[in-house]
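Here are my notes on this one, written as numbered points. Have the structure open beside you and pick out each residue as you go.

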Amino acid sequence: MQNQVTAKLTEVQGSCLCSEVQYEAKPPFYHETNCHCSMCRRSTGAPYVTWFSAKRDRFRWLKGKPQVYQSSALAVRMFCGNCGTQLAFEVNDSDEIDLTTGSLNDPSLLPPRDNVHTNTKVPWVDLSPALPQHSAAREEDS
């Protein structure tokens, strides 16, 4: 389900802090979420990470290429090798890519629509009652 803003988007662009790695993604966008899992926390040094998903064939690197880190047997994380900004997460053999909302040129375009892995969230993080909460992954993600 798209909101009124995302329904009108034709593309989004983003980059790392130093702009050495830049990307572009085209709709459809989905799974706009705040992830509270321990791997996301550790990979970013933040209490949670806000992500959105796009189809892999609707995504491309515009400038540079990220470094790739195999963070588990199932997935890789991509980040700028120069400034360290985490940019993407990709499950092996998936047709989608997850991108960090904070790396967008305009993060306000894709606000989170829920919280996942709240069973492992940092205790001092207050969750908005306006967003649905999933103790682990969403049902359709399992």
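1. First, a term you'll need: a residue is buried under 20% relative accessible area, exposed over 50%, and partly exposed in between (1.4 Å probe, protein chains only). By that scale, Asp95 is partly exposed, with a relative accessible area of 47%.

2. Some ground rules. This is a predicted model, where local features need pLDDT of at least 70, side-chain atom pairs count only at pLDDT 80 or more, and totals for chains, interfaces and linings use all residues. Residues are numbered from 1 along each chain as its sequence is written, and side-chain values use heavy atoms, with hydrogens and water left out.

3. Let's start with the sheet. Seven strands form an open sheet with mixed pairing, in the order β6-β7-β8-β9-β4-β3-β10. Strands here are DSSP runs (E, at least two residues), just as helices are (H or I, at least four), numbered from the N terminus; two strands pair if DSSP finds at least two bridges between them. Why do β6 (67–70) and β10 count as edges? Each has a single partner strand, so one side of each is left without a neighbour in the sheet.

4. Now look inside the sheet at β8 and β9. They pair in the antiparallel sense over two bridges. To see them side by side, find Ala88, which stands opposite Leu99 in β9.

5. Glu90 sits in strand β8 (residues 86–91). Is Glu90 buried or exposed? Buried, with a relative accessible area of 14%. The side chain of Glu90 has a polar contact of 2.8 Å with the side chain of Arg56. A polar contact is a pair of N or O atoms within 3.5 Å; within protein, one must be able to donate a hydrogen and the other to accept it, and residues adjacent in sequence count only if both atoms are side-chain atoms. Setting aside neighbours within four places in sequence, Glu90 is in contact (heavy atoms within 4.5 Å) with residues including Arg56, Leu74 and Glu96.

6. Asp98 is buried yet has no salt bridge, a salt bridge being a side-chain nitrogen of Lys or Arg within 4 Å of a carboxyl oxygen of Asp or Glu. The nearest side chain of opposite charge, Arg138, is 7.8 Å away (Lys and Arg count as positive, Asp and Glu as negative; His and the chain ends are not counted). What Asp98 does have is a polar contact of 2.5 Å, side chain to side chain, with Ser53.

7. How many salt bridges does a search of the whole structure find? Five. One of them joins Arg60 and Glu24, with the closest N and O atoms 3.0 Å apart. Arg60 lies in strand β5 (residues 59–63) and Glu24 in strand β2 (residues 22–25), so the pair ties together parts that are 36 residues apart in sequence. Arg60 is partly exposed at 46%, whereas Glu24 is buried at 8%.

8. Back to Asp95, which forms a salt bridge with Lys55, the closest N and O atoms being 3.4 Å apart. Asp95 lies in the loop between β8 and β9 and Lys55 in strand β4 (residues 49–55), so this pair links parts 40 residues apart in sequence. Lys55 is partly exposed, at 28% relative accessibility.

9. Finally, Arg138 again: its side chain meets that of Asp114 in a salt bridge (2.8 Å, N to O). Arg138 is in the segment after β10 (114–116) and Asp114 in strand β10, 24 residues apart. Arg138 is buried at 6%, and Asp114 is buried at 6%.
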